[in-house]
Structures are given as structure tokens and as C-alpha cells.
Amino acid sequence: MGVMYGAAWENDNGDAPQDDNGALTLAGEVWREGLVGITGPQLARGLQRCILSHPEWPPRIGQFRALCMDVPTLTELRLELRADATVRSPFARLVWEHLDPYQYRMTDARHADRLLAEAYAVAREHVLRGGALPEPAVAAIEEAAAQPYSAPSADRRAEILQNAQRMAGLLDSALQPAGAAEEGAIVDEPDRKRAAGGPDA
């Protein structure tokens, strides 16, 4: 970090994390405690994001930990929430869980910013304490798409059709198609005439 920021880093943290006796300085202790639980890949990610998010002045330890754990700034979050909800990051969806969507959309801009800042603070603390993020939405979609389609059995299809007919009023109380008795009477009429020796016999 000292290499990245030079004098700006030294002014805040000193030129070394250890004193002449090899013990950690106060700044060294703070950074050691602040980086507990951060993995090597996360540390590399934090350093990369420093270039974009803090190009001139070094971040504080809390800010750097957030960078390592992919927590966006409030400004980045605000821009992200303007995008399509299906492509939001897990952190943005965590923030959204702490918002009242109707109130956030319907209130004035100043109140909406305050609501967003409060939800952001809660989500940020949750993540920095090691809390889990929601699963990515795309993973849920891919998992559902990976499930093979299984067609219902013939009996199940007949049951579905019968339920649909009943809801549409096409079945009578005896579960027969409405008007079946009348249709049966018309179909049976020639048979009765033949039996009686009528013209159709």
C-alpha cells in the first residue's frame, strides 16, 4: 500500500508496520485486526479495487476490508439499482431485502437516499462480519433449467382436463359432460324407432 500511495500512506500509517524493536505499531495492529479472515485472493481483489475506488488517497481499514469483500460503495450501489433487477449483484439484492420497495420508489429523492443509505449500512455490516450473501439469481435460473421435463401420466392428464372442465362449468354433478343426457337421447332415438317398426327400421 505504501508503494501505491507513497507519502499519503505514510502520513496516515507510518513508513513501516513495525517499530525499531520489531513490534507492530498502532497502525500495524489496526490493519492486522482489520484483515482477519481475509484470504489471499480477496486481498488481491482489494488492492485491484483500490486503483479504481481510491486512486489518490489510501482507504481506511474498514474501506479496504469492504473492497476485499466486493462490497460496493454507496454510489456504485445506487447506480446498480437502476439496472435490470435480474442482473443485480448478490450484495445489491441483500440491500434490497432491507428496503421497502414501494416506499423507496414513491417517496421523494432525499428520503429515498436516506432509506437506501440505512439499508446499505445494515447490509455492509452483515457482510463485513462474515455474513452470507444471497445466491446469484442466475444460478437459481440455471438450476431450474437443468431439471429435466417430465410429462404427466395419462391418468394425471385426464385428471387435469376433468378439473379444468369442472371449473369451466362443462361438467355436471355426476362428472359427466354437461348436456350428455340430451345428446344421448338424440343418438338413441333412431334405435327406438327401429325397435318400434318405424320408417327407419
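User: What share of the chain's contacts with a separation of 6 or more comes from residues 24 or more positions apart?
Analyst: Keep in mind that this is a predicted model. Take the contacts in the chain with a separation of 6 or more, then pick out those between residues 24 or more positions apart. That share comes to 53%.

User: Which element of the chain has the lowest mean pLDDT, and which the highest?
Analyst: The chain averages a pLDDT of 76, with 70% of the residues scoring at least 70. Over residues 177–187, though, pLDDT stays under 50, and the model has 8 contacts beyond four places in sequence for that stretch. By element, the lowest mean, 48, belongs to helix H12 (residues 180–195), and the highest, 93, to helix H9 (residues 109–128).

User: How many of the residues of helix H5 are buried?
Analyst: Across the 201 residues of the chain, 23% count as buried. Helix H5 (residues 61–68) is mostly covered. Its buried residues are Ile61, Phe64, Arg65, Ala66, Leu67 and Cys68. For H5 that makes 6 of 8.

User: Which helices do the buried residues of H5 pack against?
Analyst: Ile61, Phe64 and Leu67 are among the buried residues of H5. One of the packing partners of this buried set is H9, the element with the highest mean pLDDT in the chain.

User: Which residue just after H5 takes a positive phi?
Analyst: H5 covers residues 61–68. Just after it, a phi of about 60° turns up, and the residue is Asp70.

User: Which helix supplies the largest share of the lining of the largest pocket?
Analyst: The largest pocket holds about 170 Å³ of space, and its lining includes Trp9, Asn13, Ala27, Gly28, Trp31 and Arg32. Helix H2 (7–13) and helix H3 (26–34) each give at least two lining residues. With 4 residues, the largest share comes from H3.

User: How many nonpolar, polar and charged residues does that lining have?
Analyst: Asp15 and Arg32 both line the pocket, and Asp and Arg count as charged. Gly14 and Gly28 are in the lining too, and Gly goes with the polar class. By class, the lining has 6 nonpolar, 3 polar and 2 charged residues.

Definitions and conventions
Residues are numbered from 1 along each chain as its sequence is written. This is a predicted model: local features need pLDDT of at least 70, side-chain atom pairs count only at pLDDT 80 or more; totals for chains, interfaces and linings use all residues. Side-chain values use heavy atoms; hydrogens and water are left out. Buried means under 20% relative accessible area, exposed over 50%, partly exposed in between (1.4 Å probe, protein chains only). Contact means heavy atoms within 4.5 Å. On a 1 Å grid over the protein atoms alone, a cavity is a set of points where a 1.4 Å probe fits but cannot get out, and a pocket is an open set with protein on both sides within 12 Å along at least five of seven lines; lining residues have an atom within 4 Å of a point. Grid points are joined across faces, edges and corners, and a volume is the space filled by probe spheres set on the points. pLDDT is the predictor's confidence in each residue, from 0 to 100.
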